[in-house]
Amino acid sequence: MKPRAPLRFALLLGAAGLSAANGQEVPRAIPVEETPAVPRAIPVEDGPATPAPPAAPARPKSPGSDLFDYATMVYERGEHDLAAQSFAQYLKAHPNGADVPMAMFRLAECFLKQDNARAAESYYLEVVSRFPNSEGAPSAAYRLGALRFNAQDFDDSARHFAFCAAKTPLPQVRLAAFFNESRAHQQLGDRRKQAEALRQVVAVREDNPYRESALLALGTVYLAEDRKAEALPLFLDLVKESKDNPVLSEASVKAAVLLAETGKPDEALPLFESALRIAETTPVNRGIALVGVVQSLYAKGDYEGVIGQYARHSNVLPEGDTRPRMLLLVGNAYRMKKSYARAVEVYLMVEQEFAGSPQAFEAGYWKLYCFYLLDDKDLGGFANAFIARHAEPQGDHEFLNLARLIRADFFFNQGDYARAADSFAEVRISGLPEKLRPGALFNKAWSCAEARRQQDAIATFAQFLAENPGHPLTAKALARRGMAYKDAREVTKAVADFERVVKEFTHSDAAEVSYLQLGLIAGDQRDSKAMVAAFEMLVNKYPDSAAAAQAWYGIGRGYFEQKQFDKAVPALEKAIAKDRENYLDRASPMILLAHYARQDVEALAKAIDAYRKANESAAVPMNALTWLGLKLYDQREFARSASYLKLAATPEVPENTDPRVWNYLGQALLEAGQFEESLQATGHYLAVTPESANRARGLVAKGRALLGLGRIDDAEKAAEEGLTFAKDGKPQALLLILEGDILMAAGDKLASAGQSAGAKEKYSAAAGKLMIPAQFFDDAEITPEALDKAARALDKAGQAGKAADFRKTLKERYPQWQARG
């Protein structure tokens with residue numbers, strides 16, 4: 001027989017226990033039930049402790065006595081960690097000492113105090129096995145019994161409790177050991193040995209706190225073995241002696257049952273009446289007197305009275321067909337009081353104990369109804385089981401139809417619309433109580449719509465509207481039917497339903513949905529004006545609508561499509577403000593394109609910055625970025641220009657970038673002094689630009705970037721390459737100015753190295769290059785720059801007179817010109 005899982009002994013340890021030597025009182029035993037689910041354990045704290053040593057004569061000194069006495073002293077002070085170390089030292093130093101048994105026992109006690117049950121158990125075993133006749137052996141065996149009981153090793157537990165009972169000189173300890181031995185045998189299913197141990201306890205009448213529990217347990221064992229004649233005197237003894245209500249109640253009922261079975265009803269009756277007066281009595285004879293009382297209370301509508309009678313005597317109900325009827329009344333009383341969980345308990349009792357009866361069928365339905373009101377997560381399964389069990393024998397009974405409705409409503413409330421629609425299909429709407437029909441029909445139609453069964457939904461909503469004119473759900477039915485029409489691509493009918501809602505039910509929730517759907521339909525039909533009109537009605541009437549963000553987006557999109565960008569932008573911004581997660585990336589590109597279409601540089605830049613701040617991976621339209629970068633370049637805001645042109649570039653695949661972007665990005669970076677990046681951008685531009693004026697300008701940018709990096713020779717090569725094909729015009733002039741700048745830089749480098757002669761040669765050469773565009777090219781930007789730079793070169797070359805002539809010419813021809821930087 002598989003033992004039941006026990007409760008654990010409370011391992012509250014200490015020197016105190018059952019020993020009479022330390023004055024501890026034996027704990028009162030807990031009564032044993034007839035069929036205990038789990039055994040109740042007695043705290044080990046109350047178990048036997050180490051017997052106190054006699055006060056005299058004094059113990060003769062032996063090797064290690066001082067160490068043992070010291071360990072005992074700290075042990076008694078409760079310093080278990082130090083005591084454990086000291087006892088361990090003693091055992092190691094004096095393995096054969098006179099105090100070894102007691103040292104082992106107390107070391108085990110210390111370990112148990114330190115929650116090291118495994119170590120404690122090993123030392124208890126040492127005491128019991130090596131020193132079975134020592135004064136600590138019974139206590140160690142008791143501890144082992146408790147520990148093994150907790151570990152569900154009931155066989156070993158019983159053996160150790162038996163050892164303790166046999167060895168201990170203390171009567172109280174012996175009683176505790178026998179009683180707990182019986183409990184271990186009970187867990188093993190060994191009634192014979194359980195009874196033997198219990199008889200040892202029962203035999204002691206005086207000063208025995210375990211006797212009542214033992215009498216009850218022993219009587220229960222005899223009943224289980226059909227030894228009624230032996231059981232009865234035990235229960236009668238308890239009736240006479242016990243002052244404990246649970247024990248007295250149990251004994252009274254068991255004795256009454258036995259007396260009744262043996263033909264002694266007069267002797268059984270007073271015991272039964274006594275049991276009725278005890279709250280803890282078991283439910284054997286209570287119910288017969290309750291039947292008439294319960295029926296009358298229920299008829300009066302006194303549900304509290306019915307429940308009160310049941311609560312006082314709930315465990316004793318009449319047998320026969322009266323019993324299920326009375327239980328059904330009790331369940332109905334709980335249900336009418338809205339104590340649905342308690343009602344379920346009673347209905348379940350009727351179902352299980354009276355299966356197949358009319359009361360079981362009715363109880364099953366009302367149980368299902370209570371589960372529905374409790375919103376039980378397993379209601380669908382319960383409903384299926386009830387319908388399957390009763391469909392054939394009960395046919396078209398109203399309860400079956402209602403059960404199908406409960407199942408359908410459960411799936412509906414769970415959002416499982418496909419299963420709800422299937423379940424509603426099995427419900428006879430005409431067979432429902434009249435007050436339930438509109439709601440059932442509406443939910444059926446809604447389930448079909450949500451399950452994408454649009455034609456079924458349309459037909460059922462039509463039936464609902466026809467049968468229930470003026471119903472409070474009319475507006476919702478029209479709106480949801482309109483959505484079904486829309487999904488079925490019957491747009492004209494859908495619009496008719498939505499327009500009827502907004503006209504007849506202007507302030508309803510359904511009107512909010514209808515405005516939204518009208519706007520969506522207009523959007524699908526590319527009717528921007530109608531879309532804007534519907535969505536503006538929605539946000540004006542329902543500014544806090546859950547669909548407000550969607551509506552504002554639709555308004556913005558509609559105005560955008562109508563090229564009314566001034567109205568589109570604020571609407572799209574409101575959509576983002578209402579629902580950033582869903583509309584930031586949908587609305588932002590339109591906002592950017594609106595600013596781009598309006599040619600508003602600052603608004604576009606601000607919008608791009610805001611979008612990228614909100615989303616680092618934002619996809620900004622390339623045409624807007626390119627346009628913005630070029631406009632800022634024209635405004636000589638080179639750093640800002642470069643920042644936006646970079647966003648329009650694809651350095652990982654340079655050929656995918658518009659060459660204009662690379663060109664202006666290189667120029668902007670050059671002007672911003674970012675020469676290395678400028679060189680890279682210009683390189684990408686030159687890679688796709690053939691010999692032409694544009695390439696010449698690109699080589700000028702490249703040369704200036706190289707010059708900025710101090711790479712004079714490389715800059716010269718770039719200029720020379722450009723001059724191979726740029727023979728006239730502005731490109732040639734720019735390249736000649738570049739060459740002049742290169743020669744000036746070379747001269748400055750020589751001058752700083754102290755090579756003044758070489759430096760003058762470079763300055764003279766630079767002046768020669770610069771004189772060409774200064775004298776033979778006429779351009780408002782290039783010519784004054786060339787004149788200015790030529791004058792500077794001549795100054796450095798020692799030709800001050802010529803330099804003055806060039807400055808005079810510059811002042812006369814371009815009086816407003818100022819050198820950059």
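What share of the contacts in the chain with a separation of 6 or more comes from residues 24 or more positions apart? The share is 54%, where contact means heavy atoms within 4.5 Å.

## The model

This is a predicted model, in which local features need pLDDT of at least 70, side-chain atom pairs count only at pLDDT 80 or more, and totals for chains, interfaces and linings use all residues. Residues are numbered from 1 along each chain as its sequence is written, and side-chain values use heavy atoms, with hydrogens and water left out.

## The chain

The chain has 40 helices and 0 strands. Both are DSSP runs, numbered from the N terminus: helices are H or I with at least four residues, strands E with at least two. Of the 821 residues, 49% are buried. Buried means under 20% relative accessible area, exposed over 50%, partly exposed in between (1.4 Å probe, protein chains only).

The chain exposes about 40,100 Å². Carbon and sulfur atoms supply 51% of that area.

## Helix α22

Helix α22 covers residues 454-467. Its 14 residues should span 20 Å at 1.5 Å a residue, and its end C-alpha atoms are 20 Å apart, which agrees. The expected span is 1.5 Å times one less than the number of residues.

Buried residues in α22 include Q454, A457, I458, F461 and L465. T460 and F464 are also buried. Their cover includes α21 (437-450) and α23 (474-487).

## Two loop residues

Most residues other than glycine have a negative phi. D207 is not a glycine, yet has a positive phi of about 50°. D207 sits in the loop between α8 (191-202) and α9 (211-224). D207 is exposed, with a relative accessible area of 61%.

K338 also has a positive phi, about 65°, and is not a glycine. Its loop lies between α15 (322-336) and α16 (340-353). K338 is exposed, at 62% relative accessible area.

## The largest pocket

The largest pocket has a volume of about 1,500 Å³. A pocket is an open set of points on a 1 Å grid over the protein atoms alone, where a 1.4 Å probe fits, with protein on both sides within 12 Å along at least five of seven lines. Volume is the space filled by probe spheres set on the points.

The lining has 38 residues, each with an atom within 4 Å of a point. E671, R704, E785, K789 and R820 lie nearest the centre. Helices that each supply at least two lining residues include α33 (659-671), α35 (693-708) and α39 (782-796).

Key
Accessible areas come from the Shrake-Rupley method with a 1.4 Å probe; for residues, only the protein chains shown count as cover.
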